Amino acid sequence: MKLRKRSRALKAASLAMAGLMLSGCGLSSGSSVPLAVEPGIIQPVPELEGQTITVGSKNFTEQLILGYLGEFALSAAGANVRDLSSIQGSSTARNALTSDQIDILWDYTGTSWVNYNGNNDPIPDARAQYEAVKKQDLERNGVAWTAIDYQVDNTYAFAVNQDAAKRLGVEENSDIPRIMAEHPEDATFCVDTEFASRNDGLPGVEQTYGFKTDPSKVKVLTEGAIYQATAQGTCTFGEVFTTDGRIRSLDLKVLADDKQFFPRYNIGVTLRDEMLKRYPQLAQVFQPVSEKLTNEELMKLNAQVDVEGRDPADVARDWMAEQGLVKIPGQG
């Protein structure tokens, strides 16, 4: 489905809906940062002292962790931080940013390029993708990017369990059409709602790799349920995020995106351009966090929440303290 530019009326309606969804979550005014921190590597910034800054996040594990990382960084810098985490849906979170309901949102270059800006063709090179997103978001939406992290690429992928990998001999996405022809009973997919319809999701994969799924064999599940369903063989191919800790804990095999369909999903901090111009010091607050994050580190953090059952705020603060970015009060 091709994304089109919205009219002013549609954009206004979407912003109004975003506000309703945020209010419906009981988070319209934000809440306090759940845990206290003290300065570490991140030191107080005089220009941010006492300034109220609202941090948002989307409603899945990695985003919650990233949101708290941002909140603790800002707290250490001396800002008065408001927590508006767990916003449902990427577009709703972006609308919350552009409509001044939140000030900070960690986001993904691929999501902005395809989902927000409606580009059909991803740019394989991470730096080129970032530069294109940065330019387009600024010109079209007044959104600035900073603290880009090329070490983290949380792109989409398909995964299978080890039994399916051995039995079907599947290694890469180009094997899917063969599986559909030779083993149609195994051509089952588990995906979430967004992936089922996004340009950078299932419709684009089908077009690039030359297959068409049978709707009756596509199960739309919550993001968290997909991993277990794939491990148990409820479906053969499960949509996953490459930094998700459940890939390792459930011993799933990630298929190679051999035609490089999926965009790069490097993470960066997004904020309104006027906000960055008013407080250019924000870049120096978030940069130390980005420099220490890698795919491996995020996979470990995600696993602590999704596998071990820890609270995302605890996981985020402990990691920042371990890295020396902040200190935990009372621990020196």
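1. Contact here means heavy atoms within 4.5 Å. With that in hand, take Val289. Leaving aside neighbours within four places in sequence, Val289 is in contact with Ile42, Leu69, Ala73, Trp106, Trp319, Met320 and Leu325. Keep in mind that this is a predicted model.

2. Next, the core around that residue. The largest nonpolar core has 77 residues. Which of them touch the most other members? They are Leu74, Leu282, Val289, Leu293 and Met320. Helix α2, residues 61–76, gives the most to this core, with 8 residues. Another core lies apart from it and has 15 residues, among them Leu84, Ala132, Val143 and Trp145.

3. Now the sheet. An open sheet is formed by 6 strands, and the pairing is mixed. Follow the order β1-β4-β3-β5-β12-β6 on the model. β1 (31–32) and β6 (143–153) stand at the edges. Each has a single partner strand, so one side of each is left without a neighbour in the sheet. Helix α3, residues 90–98, packs on the sheet. This helix touches β3 (52–58), β4 (80–87), β5 (104–108), β6 and β12. The direction of α3 makes about 40° with that of β12.

4. Look at the strand β12, residues 266–272, and its partners. β12 and β6 run antiparallel and are joined by 6 bridges. Thr146 stands opposite Val269 in β12. Asp149 has Ile267 of β12 as its bridge partner. β5 also pairs with β12 in the antiparallel sense, over 4 bridges. There, the bridge partner of Trp106 is Val269.

5. Is β12 covered or open? It is mostly covered, with 7 of its 7 residues buried. In a regular strand the side chains alternate between the two faces of the sheet. In β12, Asn266, Gly268, Thr270 and Arg272 point one way. Ile267, Val269 and Leu271 point the other way. Residues on both sides are buried.

6. Compare β7, residues 156–160. This strand is mostly covered too: 5 of its 5 residues are buried. Tyr156, Phe158 and Val160 point one way, and Ala157 and Ala159 the other way. β7 is joined by 4 bridges to strand β10 (residues 237–241), and the two run antiparallel. β7 also pairs in the antiparallel sense with strand β11 (residues 253–254), over 2 bridges. Trace Ala159 on the model. Its bridge partner in β10 is Gly238. In β11, Val254 stands opposite Ala159.

7. Helix α9 covers residues 202–209. Its residues Leu202, Gly204, Val205, Glu206 and Tyr209 are buried. What do the buried residues of α9 pack against? They pack against β7, α7 (176–182), α8 (193–197) and β9 (218–220). Just after α9, Gly210 takes a positive phi of about 70°.

8. Two other positive phi values deserve a look. Most residues other than glycine have a negative phi, and most peptide bonds are trans. Asp251 is not a glycine, yet its phi is positive, about 55°. Asp251 is in the loop between α11 (246–249) and β11. At 47% relative accessibility, Asp251 counts as partly exposed. Gln260 is the other case, with a positive phi near 50°. Gln260 is found in the loop between β11 and β12.

9. How many cavities of 30 Å³ or more does the structure hold? It holds 1. The largest cavity has a volume of about 60 Å³. Phe60, Thr61, Glu62, Asn154, Glu223, Phe241, Thr243, Asp244, Asn302 and Asp306 line it. The elements that give two or more residues to this lining are α2 and α14 (295–306).

10. Finally, a loop residue. Gln43 lies in the loop between β2 (38–39) and β3. Why does Gln43 count as partly exposed? Its relative accessibility is 46%, and the partly exposed class lies between the buried limit of under 20% and the exposed limit of over 50%. Not counting residues up to four places away in sequence, Gln43 touches Ala76 and Ala77. Gln43 and Leu105 are 62 residues apart along the chain, and their C-alpha atoms are separated by 21 Å.

Methods. Residues numbered from 1 in each chain as written. Predicted model: local features only at pLDDT ≥ 70, side-chain atom pairs only at ≥ 80, totals over all residues. Heavy atoms only, no water. Pairing = 2+ DSSP bridges. Axes fitted to C-alpha atoms, helices over the stretch in contact; angles between N-to-C directions. Core = buried A, V, L, I, M, F, W, Y, C linked by side-chain atoms within 4.5 Å. Buried < 20%, exposed > 50% of the residue type's maximum accessible area, 1.4 Å probe, protein only. 1 Å grid on protein atoms, 1.4 Å probe; cavity = no way out; pocket = protein on both sides within 12 Å on 5 of 7 lines; lining within 4 Å. Points joined across faces, edges and corners; volume = space filled by probe spheres on them.
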